[in-house]
Amino acid sequence: MPRASAAEQRRRSSLRRSLAAALLLPALASGFALQALGGRPGEQMFHEVISALSARGIDSISDAQLYEKAARGLLVQIGDPYAELFSPEQLAQFSRETLRNSYGGVGMQITTVRDTALVTRVFEGSPAARAGVRPGDRVIGAAGENVTGQPVDQVTRRLLGEPGTTVAVDYHRPGVGTIHHEFTRERIRYPSVAYAVMLEPGIGYVPLEGFNDSSGEEVLRALVSLRKSGAHAFVLDLRGNGGGSLEQAIRISDLFLRPGQSILRAEFRNAPTENVLARTEPVVPDAPLVVLTDENAASASEIVAGALQDHDRAVIIGETTFGKGLVQDIFRLDGGWALKLTTGRWYTPSGRTIQRPRRMTPQGRLVEVPTDSVADRPVFRSDAGRVVYGGGGITPDLHVDADTLAGAERALAVVLGARAGDFNSAVQEMAVDRAPGLGEGFRATPEWRADLYRRLEKRGVKVSLPAWNAGAALIDRIIEDRVSGYAFGDAAAFRRGIARDAQLQAALRVLRGAATQTEALSRVPTGVRAQPTGA
């Protein structure tokens, strides 16, 4: 049972490994075994330190804890910002919430509103959906215990479990009262493609939220469905998609490329170089395609965008991507533990590495390392001879900023961004209260805006009233999007924002009337092609 979120067939056996949001290639390895003492000075020193801490340290700590802390400390010191040690519980959470792979549960997302677990999403076809659970229901009891006031993580743990096992849940529905239901847990899959819609006649839209173990099949189904609805051009939206399964990134690239075309090359230490080629006939071989990117599109998203850009198979529109060109293996250890470690580097078909150097701060933040001047970044060529850039992410063919806020709105966004958690909680709470009884054409009102302001004040979020009123248009949009998504679903919320989505509007201008990918590429205005951004 996942907590609420903010916003692939299988290829070669040698590459059947999963990626995290940072591009992971999971592999199996045996557990660590302590070597006998008496050999190397460093090894002797390490065990002497462990022995002294165990026997003489002022605070009592078990040997198992000492070795765990030593292992975690080692990973901090080696300079690999993506290295991580997972306990069995952390590994399960990582697979469920970061990789967004399937899990055993009842099929609903929850978040905390007023100290109660609130259902915000119910997965289609899940036990929760069949039982009639709705967004807005409040989980008050699980597995025989009152969970009101418990952190969402604790409620989640009670709802998760092996498929086939049962869990009793009590939930309260406004206007109805308390409902009791005995759920049989099943294997639940996160949707990678929550919806697919026609933007206008002939142009289909596929938003890809992540790369989990079913993403390729979901994108395939979306493309086929949109084509049956009359789509002859497509937008693949990778904005905000931090990555996931390499296998699925390959599968999705394969839906658009022709057999024999390169998807990526991966180089490893003490292992053969992997050259991955498209193998199946494309589903939409000639349909004009735009891929939308932003600074949060990373790893697996960059594999897809880079492959399609290098082969002139898509127009990349938006902002330069995150720049994650490293490969991490996950090594399984004894006792259900696992080690994530950077083991290689991947390159686009033209030979580009798009890695942007970063390091981990002592506070656990990933920050960029200053790099050479933008002008020094290497230039590569696509199949058709177009210039594409190496280093620092995938540079779009057409740069369009997502941020189109006016001065007052921008200033208000900065203030609210400093208390984003409190702001999001207040908006969510308001959506729960305002959504019942609304029609899809509703509009935010000054009363709603004042209501949200009061909720923020109660949380200690200080915004001057003049600044709040000056940014009224921004607040209204946020309220409408959140309430619409909560009341009518993600597709309804998306449709409300199409007209003000500058990147999506640019995609429509490129695709309207384009019969081929070459024609779509020719519509990128001269002189506004993106230049690589500096660090």
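# A tour of the predicted model

Start by selecting Tyr171, which lies in strand β7 (residues 166-173); helices (H or I, at least four residues) and strands (E, at least two) are DSSP runs, numbered from the N terminus. This is a predicted model, in which local features need pLDDT of at least 70 and side-chain atom pairs count only at pLDDT 80 or more, while totals for chains, interfaces and linings use all residues. Residues are numbered from 1 along each chain as its sequence is written, and side-chain values use heavy atoms, with hydrogens and water left out.

**Around Tyr171**

Is Tyr171 buried or exposed? Tyr171 counts as buried because its relative accessibility is 3%. Buried means under 20% relative accessible area, exposed means over 50%, and partly exposed lies in between (1.4 Å probe, protein chains only). Now show what surrounds this residue. Neighbours within four places in sequence aside, Tyr171 is in contact with residues including Ala131, Val133, Arg138, Ile140, Thr178, His181 and Phe183; contact means heavy atoms within 4.5 Å. Asp137 is also on that contact list. Tyr171 and Asp137 are 34 residues apart in sequence, yet their C-alpha atoms are 6.2 Å apart in space.

**The whole chain**

Zoom out. The chain has 16 helices and 23 strands, and 49% of its 535 residues count as buried.

**A surface patch**

Select Met45, Phe46, Val49 and Leu53. These residues form a nonpolar patch on the surface, and together they have about 340 Å² of accessible area. Patches are made of residues with over 30% relative accessible area and no salt bridge; like charges are joined within 9 Å and nonpolar side chains (Val, Leu, Ile, Met, Phe, Trp, Tyr) within 5 Å. Val49 is in helix α1 (residues 41-56), and it counts as partly exposed because its relative accessibility is 40%.

**An open sheet**

Next, select the strands of an open sheet of 6 strands, whose order is β10-β11-β12-β15-β16-β23, with mixed pairing. Two strands pair if DSSP finds at least two bridges between them. Which strands stand at the edges? They are β10 (197-200) and β23 (398-399); each has a single partner strand, so one side of each is left without a neighbour in the sheet.

Inside the order, β12 (residues 233-237) and β15 (residues 289-293) pair in the parallel sense over 4 bridges. Here Asp237 stands opposite Leu292 in β15.

**A hairpin**

Move to β17 (residues 326-332). Of its 7 residues, 5 are buried, so this strand is largely enclosed by the rest of the structure. β17 pairs with β18 (residues 338-347) in the antiparallel sense over 7 bridges, and Asp329 stands opposite Leu341 in β18. The hairpin of these strands has 5 residues between them, and Gly335 takes a positive phi near 75° there.

**Salt bridges**

Side chains of opposite charge can pair when their charged atoms come close. A search of the whole structure finds 28 salt bridges; a salt bridge is a side-chain nitrogen of Lys or Arg within 4 Å of a carboxyl oxygen of Asp or Glu.

Select Arg386 and Asp397, which form a salt bridge with the closest N and O atoms 2.8 Å apart. Arg386 lies in the loop between β21 (379-381) and β22 (387-389), and Asp397 in the loop between β22 and β23, so the pair ties together parts that are 11 residues apart in sequence. Asp397 is buried, at 1% relative accessible area.

Last, select Asp433 and Arg455, a salt bridge whose closest N and O atoms are 2.9 Å apart. The pair links distant parts of the chain: Asp433 is in helix α10 (residues 420-434) and Arg455 in helix α11 (residues 446-458), 22 residues apart. Asp433 counts as partly exposed at 35% relative accessibility, whereas Arg455 counts as buried at 11%. Salt bridges that share partners join Glu429, Asp433, Arg434, Glu447, Asp451, Arg455 and Arg459 into one network.

How values were computed. Accessible areas come from the Shrake-Rupley method with a 1.4 Å probe; for residues, only the protein chains shown count as cover.
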